[in-house]
Amino acid sequence: MDPSNDWKFTRREVLKMGAVSATALAVPGLVAAPAAKDGTRPIVTAKVAMEVNGKAQELDLDTRTTLLDALREHMHLTGTKKGCDHGQCGACTVIVDGRRINSCLTLAVMHQGAKVTTIEGLGTPARLHPMQAAFIKHDGYQCGYCTPGQICSAVAVLDEIRDDIPSHATADLTAKARLNPLELRERMSGNICRCGAYSNIQEAIAEVAGVKA
């Protein structure tokens, strides 16, 4: 037997092994339980603690649960919407530890101890966040389905500008970040509005930022 043949793998097999290893390192202590005689495996769960909209939350979740499903199905925070469920529409955008993310693309167990802000945590009907008030003023929504993600993303965009974080449209990486129409369109490009209220959304964000749309 040729010993050189002992360690030959296809590219797909290598990728699979890498994914399994990365998951094991990211979530230590989660080991698949042995299969029962009928071939089924018990659901692997883990306790997940995080702060959501300023309140401590602790859940016992299936480790495959996305952050989006944890928010909607377990915490009943249904303001965050499930759109494409593939990270392409932005309807599920929330703010985690100060950064906006697509909550459908990340597992809840990956955010142990995180601070999560959803649309419910930005403001209330009696006390709107300035961005929420601007969206209403400028009619930055029609059907409203994408609006929670749009608003969460817009709030985070202004924080990115404040923190001098460049975008793909930033021409001078050494200059102070500024919000202009090109930057705004680029930074909000991950949030799709199927109703086409983009110009109104741009006006709302510009008003909160104190610049011309």
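## Helix α5 against helix α7

The axes of helix α5 (residues 147–162) and helix α7 (residues 198–209) cross at roughly 40 degrees and come within 11 Å. That angle makes α5 oblique to α7, and α5 passes α7 in a right-handed crossing. This is a predicted model.

On the α5 side, the contact uses Q150, A154 and L158. On the α7 side, I201, I205, V208 and A209 meet them. By class, the residues of this contact divide into six nonpolar, one polar and no charged. An α-helix has 3.6 residues a turn, so residues three or four places apart point the same way.

## Helix α4 against helix α5

Helix α4 spans residues 130–137. The axes of α4 and α5 come within 10 Å and cross at roughly 125 degrees. The pair is therefore oblique, α4 to α5. Here too the handedness is clear: α4 passes α5 in a right-handed crossing.

M131, Q132 and F135 are the α4 residues in this contact. They meet T147, Q150, I151, A154, V155 and L158 in α5. The contact of α4 with α5 has six nonpolar residues, three polar and no charged. Q150, A154 and L158 of α5 meet α4, and Q150, A154 and L158 also meet α7.

## The loop residue H138

H138 lies in the loop between α4 and α5. Is H138 buried or exposed? With a relative accessible area of 19%, H138 is buried; the cut-off for buried is under 20%.

Which residues does H138 contact, leaving aside neighbours within four places in sequence? They are N200, E203, A204 and E207. Helix α7 covers residues 198–209, so the contacts N200, E203, A204 and E207 of H138 fall within the α7 run as it is defined.

## The five-stranded sheet

Five strands form an open sheet with mixed pairing. The strand order is β2-β1-β5-β3-β4. β2 (55–62) and β4 (99–102) stand at the edges, each with a single partner strand. One side of each is therefore left without a neighbour in the sheet. From one strand to the next, the twist averages 40 degrees. Strands of a sheet pair through backbone hydrogen bonds, either parallel or antiparallel.

Strand β1 (residues 45–52) pairs with β2 in the antiparallel sense, over eight bridges. Across this pair, E51 stands opposite A56 in β2. The hairpin of β1 and β2 has two residues between the strands. In that hairpin, N53 takes a positive phi near 55 degrees. Further along the sheet, strands β3 (residues 93–96) and β5 (residues 115–117) run antiparallel, joined by two bridges. I95 stands opposite T117 in β5.

## Helices on the sheet

α5 lies across β3, β4 and β5, and runs at about 40 degrees to β3.

Helix α2 (residues 67–74) has the buried residues L67, L68, A70 and L71. What covers them includes β1, β2, β3, β4 and β5. Just after α2, H76 takes a positive phi of about 60 degrees.

Terms used. Residues numbered from 1 in each chain as written. Predicted model: local features only at pLDDT ≥ 70, side-chain atom pairs only at ≥ 80, totals over all residues. Heavy atoms only, no water. Axes fitted to C-alpha atoms, helices over the stretch in contact; angles between N-to-C directions. Helix = DSSP H or I, 4+ residues; strand = E, 2+ residues; numbered from the N terminus. Parallel < 35°, antiparallel > 145°, perpendicular 65-115°, else oblique. Left-handed = near helix turned anticlockwise from the far one by under 90°. Contact = heavy atoms within 4.5 Å. Nonpolar A, V, L, I, M, F, W, Y, C, P; charged D, E, K, R; others polar. Pairing = 2+ DSSP bridges. Buried < 20%, exposed > 50% of the residue type's maximum accessible area, 1.4 Å probe, protein only.
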